[in-house]
Amino acid sequence: MLRHRLRHLQFPVFQNGREVIMTTEVGSTVPRRQLGRHLRLLRERAHVTVKDAAERLEISPQKVWRIETGRGQERIRSLDVEGMCRVYAAPPDLTGALVALAKETKAKGWWQSYLDAIPEWFELYVGLEASANHIRKYEQVLIPGLLQTRAYAEALFRMHQPAITAEDLDRSVTVRQERQALLVRALPAPPVLRVMLSEAVLRQPLGGAATMTTQLRALRAASEAPHISIRVLPFAAGPTRAAVAGAFTILEFPTNFAGDPTEPPTVYSEALTGALYLDRPEEIAAYETAWQDLEIAALGEGESREMMGSIIKELS
């Protein structure tokens with residue numbers, strides 16, 4: 001009965017849309033966002049405003065908003081969820097399911113131990129990346145973090161932060177290597193990773209020729225894995241719509257018992273001081289179109305490995 005009820009509530013999968021993330025999440029990322037969407041739908045169906053809900057629950061409107069968006073530093077208490085369900089007249093079995101989901105938000109990800117080395121706006125991405133089962137990346141300038149060697153990552157951090165201390169450098173690189181563990185994990189199965197790289201990414205010798213040679217060899221070796229695809233967009237292909245979009249990542253997530261995604265597809269686009277997390281249907285569609293352009297213009301996997309090999313020879 002409970003599964004049937006959850007399946008047919010048709011919770012919205014797209015919300016908030018274009019928004020800069022500047023807060024720190026605590027606990028498991030996906031359960032927090034799921035719980036928030038469910039509570040928001042219940043409130044809207046009960047025709048209760050955020051202000052009215054806050055007054056009846058004797059909490060601040062900001063807290064209601066943080067719970068509904070899955071953000072905020074405080075943990076989501078079972079008592080708050082029970083109170084919301086009572087105000088929104090949720091049936092007992094659904095209330096029980098949402099209280100159980102609230103308990104799952106208390107789980108911590110490995111990255112919680114490295115919050116001093118992760119920008120606040122990037123922490124949400126790390127949690128989503130760890131939960132995704134399909135990751136697509138387009139890069140115009142740099143090797144993606146999931147595929148960077150330690151030497152390449154160190155050179156990159158030094159370039160962005162010339163005054164970085166040895167200790168901070170080590171912690172930052174360690175976080176990057178911890179992220180890479182998801183590509184070789186046993187359970188759950190590693191995500192499918194599909195990468196499109198501009199030829200410029202391969203030809204910019206970050207860290208010097210030796211560092212770049214090692215990085216390209218590692219990249220070529222990674223491309224042999226069955227769940228990893230790396231393709232190069234050659235200069236000869238000319239510009240595509242992705243050139244306007246800039247570097248971006250499309251994250252997709254596993255399905256639940258009803259066959260629906262546990263999270264809506266999300267596009268991540270990073271800047272120097274923040275990031276965009278996009279999940280509106282029209283936004284996802286725009287980036288899907290850009291990705292399809294890349295699929296048409298890029299070299300095949302074998303040709304891409306050949307190009308990497310040629311550049312390695314040039315660097316040597």
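Predicted model: local features only at pLDDT ≥ 70, side-chain atom pairs only at ≥ 80, totals over all residues.

Colleague: How many helices and strands does the chain have?

Modeller: There are 14 helices and 6 strands. Those are DSSP runs numbered from the N terminus: helices are H or I with at least four residues, strands are E with at least two.

Colleague: What makes Gly-127 count as buried or exposed?

Modeller: Buried means under 20% relative accessible area, exposed over 50%, and partly exposed in between, using a 1.4 Å probe and protein chains only. Gly-127 has 1%, so it is buried. Gly-127 sits in helix H7 (residues 120-131), and its C-alpha atom is 7.6 Å from that of Val-30, 97 residues apart along the chain. Across the chain, 51% of the 316 residues count as buried.

Colleague: Why is H11 called roughly antiparallel to H14?

Modeller: Helix H11 (residues 209-222) and helix H14 (residues 301-315) pack at an angle of about 160°, with axes 10 Å apart. Angles under 35 degrees count as roughly parallel, over 145 as roughly antiparallel, 65 to 115 as roughly perpendicular and the rest as oblique. That is why H11 is roughly antiparallel to H14. The residues in contact (heavy atoms within 4.5 Å) include Met-212 and Leu-216 of H11 and Met-308 and Ile-312 of H14. By class, this contact has 8 nonpolar, 2 polar and 3 charged residues. Here Ala, Val, Leu, Ile, Met, Phe, Trp, Tyr, Cys and Pro count as nonpolar, Asp, Glu, Lys and Arg as charged, and the others, Gly among them, as polar.

Colleague: And why are H8 and H9 called oblique?

Modeller: The axes of helix H8 (residues 150-160) and helix H9 (residues 166-180) cross at roughly 130° and come within 10 Å. H8 and H9 are therefore oblique to each other. Among the residues making the contact are Phe-157 of H8 and Val-173 of H9. By class, the contact of H8 with H9 has 5 nonpolar, 3 polar and 5 charged residues.

How values were computed
Residues numbered from 1 in each chain as written. Heavy atoms only, no water. Axes fitted to C-alpha atoms, helices over the stretch in contact; angles between N-to-C directions.
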